[in-house]
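Subject: Structure for you to look at

Hello,

Here is the structure I promised to pass on. Please open it and keep it beside this email as you read.

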Amino acid sequence: MEGTKRYFLKKTDRLKSRKAIELIFTEGKSFSNFPFRISWMRTSFESGVKAAFSASTKNFKNATDRNKIKRLIREAYRLQKSDLQKHRSLEQQGLHVFFIYTGKEVPVYDLIFEKTGAVLRKLIKLLDEAPIA
């Protein structure tokens, strides 16, 4: 079992604070990459990357569907977040990211995995371009 890398999404890696989430939507930046809308913000008061995940009640009436979508997104994020966490601009600052699923139907995991990877690559590119505050 040596040589295998273990991936985690700990409680400390999740964004739960209402104030922090409000701050992301009021002062943060956002972009769309179907089927996701990503809102993000650099933070100076917390280091590391924290993420939150959401699926619309408007598009998915059943809670089981919303929970499944969030579970798929969390799993795809958990496996691909290492490049984002190693980003050089996040050594001094933190990053809060909010994933919103905007699709109209329950996706398959392969699609979510592929699109989450694309979103994370775009976010890394935006972190390189954006000035550090």
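Contact here means heavy atoms within 4.5 Å. Keep that in mind for Leu90. Leaving aside its neighbours within four places in sequence, Leu90 is in contact with Val49, Leu84, Leu95 and Leu127.

Some ground rules. This is a predicted model, where local features need pLDDT of at least 70, side-chain atom pairs count only at pLDDT 80 or more, and totals for chains, interfaces and linings use all residues. Residues are numbered from 1 along each chain as its sequence is written, and side-chain values use heavy atoms, with hydrogens and water left out.

Back to Leu90. You will find Leu90 in the loop between α3 and β4 (94-101). Helices (H or I, at least four residues) and strands (E, at least two) are DSSP runs, numbered from the N terminus. Leu90 has a relative accessible area of 7%, so this residue is buried. Buried means under 20% relative accessible area, exposed means over 50%, and partly exposed is in between (1.4 Å probe, protein chains only). Leu90 also lies 6.7 Å from Gly48, C-alpha to C-alpha, although the two are 42 residues apart in sequence.

Next, the strands. Two strands pair if DSSP finds at least two bridges between them. β1 (residues 29-33) and β2 pair in the antiparallel sense, over five bridges. They form a hairpin with two residues between them. In this pairing, Phe31 stands opposite Ile38 in β2.

Ser39 sits in β2 as well (residues 36-43). Is Ser39 buried or exposed? Ser39 counts as buried because its relative accessibility is 5%. Setting aside neighbours within four places in sequence, its contacts include Ile24, Phe25, His96 and Phe98.

Last, the charged pairs. Side chains of opposite charge can pair when their charged atoms come close. A salt bridge is a side-chain nitrogen of Lys or Arg within 4 Å of a carboxyl oxygen of Asp or Glu. How many salt bridges are there by this rule? The count is two.

One joins the side chains of Asp13 and Lys81, at 3.0 Å from N to O. Asp13 is in the segment before α1 (18-27) and Lys81 is in the loop between α2 (63-80) and α3 (82-85), so the pair ties together parts 68 residues apart in sequence. Both Asp13 and Lys81 are buried.

Another links Arg78 to Glu75, with the closest N and O atoms 2.7 Å apart. Both residues lie in helix α2, three residues apart, or about one turn of the helix. Glu75 is partly exposed, because its relative accessible area is 30%.

Best wishes
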